[in-house]
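Me: Could you walk me through this structure, one feature at a time? I would like to learn how to read each of them.

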Amino acid sequence: MDRGTEAQKYIWEGAIPLQIHLHESEVTTLPPPPPALILAPRIGYLPLLVPLIKPFFSSTLPPGVDTVWFDYKGLPLKWYIPTGVLFDLLCAEPERPWNLTVHFRGYPGNILTPCEGEESIKWSFINSLKEAAYIIIGNCKNVMNMSQSDQVELWCSVMNGNLEAYLRISSKLKLGPGGDEFSVKLNSSSSLKSRQSALETDTTGPVKTGRIPVRLYVWSVNEDFDDLEDAPHIDNWDKISYINRPVEIHGEDKYFTLRDAVKTLLPEFFAEKSLSDDEISMPEVGDERGLPSEDANSMRSAEEAGETMCQRVESCCPSDNAEIKLLRIQGIEPKLEVPFAWVVNNLMNPEHFLHICVYIKVPEPVAM
Amino acid sequence: MVSNQSTINFSSWDGTLSSHEFYLAARAFADKWKRFNPAFPQWSWVPRPKLPWTAADEVDGYLSLENVFLPRSTEEDHDKINLTGEEGPSCSNMDEPIDNATLVQNYGCELHHYDFHILYSSSYRVPVLYFRAHCSDGQPLVLDDIEKDLPANSGKVLMESKWTFITQEEHPHLNRPWYILHPCGTSEWIKLLFMTEASLSKGGVAVEQYLVSWFSVVGQVIGIRIPFEMLNNCGPL
């Protein structure tokens with residue numbers, strides 16, 4: 001039975017300590033309620049925490065119907081982005097605990113898509129899983145034809161962070177290897193075939209294993225900063241470019257790295273320079289010491305590595321060019337020469353998308 | 001999949017198209033729309049602002065048709081739609097004569113403005129219809145209101161598959177919630193659509209025809225019919 005890789009376990013157990021404050025406009029009692037301290041799973045979604053948070057604030061809320069949403073320093077948080085990705089993206093320098101504000105009233109429907117509680121989140125998850133399936137195998141029949149009980153079990157495994165249950169159900173979808181072989185080639189169909197499971201339904205049409213579901217969040221910064229602590233705050237979603245484009249892998253034998261993947265997503269950035277693999281020092285993913293909450297040590301080393309990387313980039317590219325300040329996946333900055341297959345198999349989220357956060361410094365203001 | 005002559009070869013085609021083909025098809029669709037629907041609001045191509053890290057030759061953008069009036073229909077025939085531009089709103093479908101003095105108060109929400117965008121989905125490799133609607137007073141319409149404007153059959157499907165037919169998602173270029181027709185089945189029905197056409201005998205069809213055929217189906221979901229001549233005419237190829 002597949003119990004998942006070390007890295008997968010760390011990610012599934014990974015949580016972000018949150019300190020949640022009720023927005024002052026919804027405080028009707030004195031003294032105001034103290035903030036709620038809670039651990040939010042990385043792979044989870046913020047509204048799923050509402051049943052845990054509500055008791056802290058229910059006695060002070062003004063009358064009305066709950067339409068819960070969160071903000072970070074005034075930026076309304078998109079509920080359909082996994083909590084860990086929000087944290088990686090919006091906290092350049094990880095803040096612990098992460099101070100969020102919760103609102104039970106006044107949903108900003110012009111900015112956020114409505115959330116009707118768990119049902120909305122579940123369907124957002126299933127629709128993403130369908131999208132991923134379509135990218136990987138060219139149709140979403142396996143997801144559409146899931147039995148009701150499998151669907152429920154899969155969703156519960158994600159909500160409860162039960163990796164083993166998740167692997168048991170998701171293996172039926174045949175969306176590719178979830179194994180720990182470091183050298184698994186994504187474009188070899190044999191890796192798919194080796195994971196036949198009890199419920200066998202023939203996939204029709206050609207198996208397209210050369211497309212990998214990736215959601216890329218690019219934050220372009222105009223100001224320069226040496227330290228992530230000094231990174232400006234993201235106060236508007238328009239500053240983030242969201243690129244929802246699969247990574248396409250061509251060529252059977254090529255050793256396809258994370259750098260190659262990023263290159264296909266941000267071609268212009270890599271157009272003129274060639275970063276040499278061995279000169280960029282980044283923390284080893286495998287060295288991560290996972291803890292239920294994020295490991296401060298790995299973060300420190302990641303930050304140092306980020307600086308090393310910046311120096312390296314600066315020294316090899318013309319000053320009028322954009323530069324990558326940071327590339328973060330699941331809270332870590334993997335080496336760019338790590339095989340992309342390893343990154344995908346170990347660091348993807350349960351809906352089979354790899355979420356990559358990138359900070360790019362651009363020389364002049366960009367009209368977005 | 002697609003040869004240099006921008007024709008689709010059926011032998012290995014899976015009903016999808018590349019982003020560049022989408023661009024070609026979109027331009028062709030807008031041109032054709034103009035030719036056959038000169039009196040209607042026009043589709044225009046909105047390019048995505050150039051970002052410093054995107055490839056120079058990349059064509060990223062979407063087709064846009066905005067401010068289409070869909071007067072709230074109280075009649076059985078939901079299929080007919082009054083396609084008029086902002087300049088000449090003809091509200092002739094109203095059963096009751098409109099008293100301008102009370103228009104704002106009583107009929108302020110009768111006219112529904114619709115914005116339609118056609119975007120390319122890199123995941124599904126097909127076009128996706130994005131839309132939003134608001135009343136004359138600027139109040140956005142929720143799906144329940146929109147449902148009443150849709151042809152009866154669409155409303156039925158909507159009830160049956162709440163989460164998989166029309167969903168509210170973020171417009172990737174505008175960062176705001178829009179409604180979308182879910183694209184997961186598109187390549188399947190597009191393939192069927194093209195296979196049964198006369199073009200099968202020719203062994204292929206022009207990429208330029210893709211969006212016209214696509215919209216002939218998708219348009220019906222939202223109640224917009226395209227002129228038959230538009231479908232019939234296969235263009236310069």
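Me: At what angle do helix 1 of chain B and helix 7 of chain B pack, and how far apart are their axes?

Reply: First, the ground rules. This is a predicted model, where local features need pLDDT of at least 70, side-chain atom pairs count only at pLDDT 80 or more, and totals for chains, interfaces and linings use all residues. Residues are numbered from 1 along each chain as its sequence is written, chains are lettered from A and ligands numbered from 1 in the order in which they are written, and side-chain values use heavy atoms, leaving out hydrogens and water. Helices (H or I, at least four residues) and strands (E, at least two) are DSSP runs, numbered from the N terminus. Axes are lines fitted to C-alpha atoms, for helices over the stretch in contact, with angles from 0 to 180 degrees between N-to-C directions. Here, helix 1 (residues 19-36) of chain B meets helix 7 (residues 210-222) of chain B at about 70°, and their axes are 7 Å apart.

Me: What is the orientation of helix 1 of chain B and helix 7 of chain B to each other?

Reply: Angles under 35 degrees count as roughly parallel, over 145 as roughly antiparallel, 65 to 115 as roughly perpendicular and the rest as oblique. Helix 1 of chain B and helix 7 of chain B are therefore roughly perpendicular. Contact means heavy atoms within 4.5 Å, and the residues that meet include B:Phe22, B:Phe29 and B:Trp33 from helix 1 of chain B, with B:Leu211 and B:Phe215 from helix 7 of chain B.

Me: Which residues of helix 9 of chain A are buried?

Reply: Buried means under 20% relative accessible area, exposed over 50%, and partly exposed in between (1.4 Å probe, protein chains only). In helix 9 of chain A, the buried residues are A:Leu258, A:Arg259, A:Asp260, A:Ala261, A:Val262 and A:Leu265. That is six of the eight residues of helix 9 (residues 258-265), so this helix is largely enclosed by the rest of the structure. Its cover includes strand 7 (214-221), helix 10 (267-270) and strand 10 (323-328) of chain A.

Me: How many residues of strand 10 of chain A are buried?

Reply: Six of its six residues are buried. For pairing, two strands need at least two bridges between them as found by DSSP. Strand 10 of chain A pairs antiparallel with strand 11 (residues 354-361) of chain A over five bridges, and A:Ile324 has A:Ile360 as its bridge partner.

Me: What is the strand order in the open sheet of five strands in chain A?

Reply: The order is 2-1-5-3-4, with mixed pairing. Strand 2 (36-41) and strand 4 (75-76) of chain A are at the edges, each with a single partner strand, so one side of each has no neighbour in the sheet. Strand 3 (residues 69-72) of chain A runs antiparallel to strand 4 of chain A, joined by two bridges; A:Asp71 is partnered with A:Pro76.

Me: Is A:Ser157 buried or exposed?

Reply: A:Ser157 is buried, at 2% relative accessibility. A:Ser157 belongs to helix 6 (residues 148-160) of chain A. Not counting residues up to four places away in sequence, A:Ser157 touches A:Trp12, A:Asn162, A:Ala165 and A:Tyr166.

Me: Where is B:Pro172?

Reply: B:Pro172 is in the loop between strand 6 (166-170) and strand 7 (177-181) of chain B. B:Pro172 is partly exposed, at 26% relative accessible area. Leaving out residues up to four places away in sequence, B:Pro172 touches B:Arg48, B:Leu119 and B:Tyr130.
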